Amino acid sequence: MASTALAKLRAWCTLIRLPNIFTVPGDVAVGFMLTGQRPNWAFAASVTAGVLLYCAGLILNDAHDLAEDQAERPLRPLPSGAIAVSTAISALCLCMTAAFVLGLTVLNVYSFAIICGVSLLIVLYNTILKMGWVVGLCRVGLIGLGASTADFASLELAQIKTVGIVALTVFAYVVSVSWVAARETQKRRVVPFNYLPALCLAIGCGALRLLGLSSMLFNYSAMIIAFSAVTIGLNLGGVPEPRTVQRAVGYWLVLLPLVQASFILLALPICWPVLAGLCICWAASLALSFIFPPS
């Protein structure tokens with residue numbers, strides 16, 4: 001009985017790609033902190049809504065791609081029968097509904113509008129518009145969700161510029177990783193796409209520095225993270241095996257909480273508890289990636 005329950009739990013963790021869930025709070029935190037806010041109930045509600053939307057998107061992805069997964073990924077929870085499709089759809093509807101309820105009851109009209117927008121993007125991506133830039137827009141939407149509870153009248157121009165550049169950087173990073181991920185089931189060349197994630201980070205961080213929006217601590221952390229992204233890409237030279245590409249995509253995704261933490265360093269005064277939380281998210285995502293495939 002216990003082993004059956006454990007197998008079912010493992011199947012659900014695999015379905016929602018548990019390591020990736022820990023990359024979501026950072027998007028909301030970046031938008032929240034860079035607009036001068038400090039953790040409160042709205043922050044908790046925004047993070048929860050973001051996680052619910054992300055889970056819904058991943059479940060819908062597997063449900064819609066069931067036929068493809070039966071041929072290419074037969075061990076995934078839905079094609080293997082570990083989780084019934086009807087049960088997965090019920091969980092999807094529950095996640096979406098809970099996110100809408102949070103937007104209506106705890107957050108404001110701007111937050112609710114963003115939740116609706118991200119939900120629409122999730123449906124479009126998983127049905128008729130399966131392109132990397134849609135995933136990037138979902139991440140930008142989560143950053144916007146964090147920023148949506150701010151007092152817009154009190155925002156300074158520097159804060160607006162910073163949020164804009166950070167959102168564009170995250171968008172470009174996620175899109176570049178998605179381009180590589182599109183090649184993870186077939187054995188073919190990945191170059192030069194394997195260097196795009198690091199290049200996107202370098203350009204975004206460089207733009208922040210040129211506009212005088214960065215700090216010394218941020219610059220050093222950004223350099224280390226960009227170097228890490230390059231190191232991951234170096235493993236994809238030649239014609240890598242699909243498993244190697246999948247592993248690299250997983251590492252890039254696991255790197256996201258550190259990318260987000262570096263952006264949190266731009267929010268002065270630095271909120272160390274949030275920064276520590278993102279570092280914990282990175283550690284959890286990394287540890288879980290060895291158990292549950294993030295890609």
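I call a residue buried when its relative accessible area is under 20%, exposed when over 50% and partly exposed in between, with a 1.4 Å probe and protein chains only. The model is predicted, so I take local features only at pLDDT of at least 70 and side-chain atom pairs only at pLDDT 80 or more, while totals for chains, interfaces and linings use all residues. Residue numbers run from 1 along each chain as its sequence is written, and side-chain values use heavy atoms, with hydrogens and water left out.

**Entry: Ala49**

I started with Ala49, which is buried at a relative accessible area of 0%. I found Ala49 in helix α4, residues 41-64; helices here are DSSP runs of H or I with at least four residues, strands are E runs of at least two, and both are numbered from the N terminus. What does Ala49 touch, leaving out residues up to four places away in sequence? I got Ala99, Leu102, Ile115 and Leu145, where contact means heavy atoms within 4.5 Å. I also checked Met96: 47 residues from Ala49 in sequence, but 8.6 Å away C-alpha to C-alpha.

**Entry: helix α7**

Next I looked at α7, residues 85-105. Its 21 residues reach 30 Å from first C-alpha to last, close to the 30 Å expected, which is 1.5 Å times one less than the number of residues. Which residues of α7 are buried? I listed Ala88, Ala91, Leu92, Cys95, Met96, Ala99, Leu102 and Gly103. Down the axis of α7 these fall within an arc of 130°, so they line one face of the helix; I take the arc from the directions from the helix axis to the C-beta atoms. On the other side of α7 I noted Ser86, Leu94, Leu104 and Thr105 as exposed.

**Entry: the core**

Of its 90 residues, Ile21, Val166, Leu208, Phe218, Trp252, Phe263 and Ile264 touch the most other members. Helix α4 gives the most to this core, with 15 residues. I followed up Leu208, whose contacts beyond four places in sequence include Val166, Phe218 and Phe263.

**Entry: cysteines**

How many disulfides are there? I count zero, taking a disulfide as a pair of cysteine sulfur atoms within 2.5 Å. For Cys13 the nearest cysteine sulfur is that of Cys55, 10 Å away. Cys13 is buried at 12%. For Cys138 the nearest is that of Cys116, at 13 Å. Cys138 is buried too, at 14%.

Methods: A nonpolar core is a set of buried Ala, Val, Leu, Ile, Met, Phe, Trp, Tyr and Cys residues joined through side-chain atoms within 4.5 Å.
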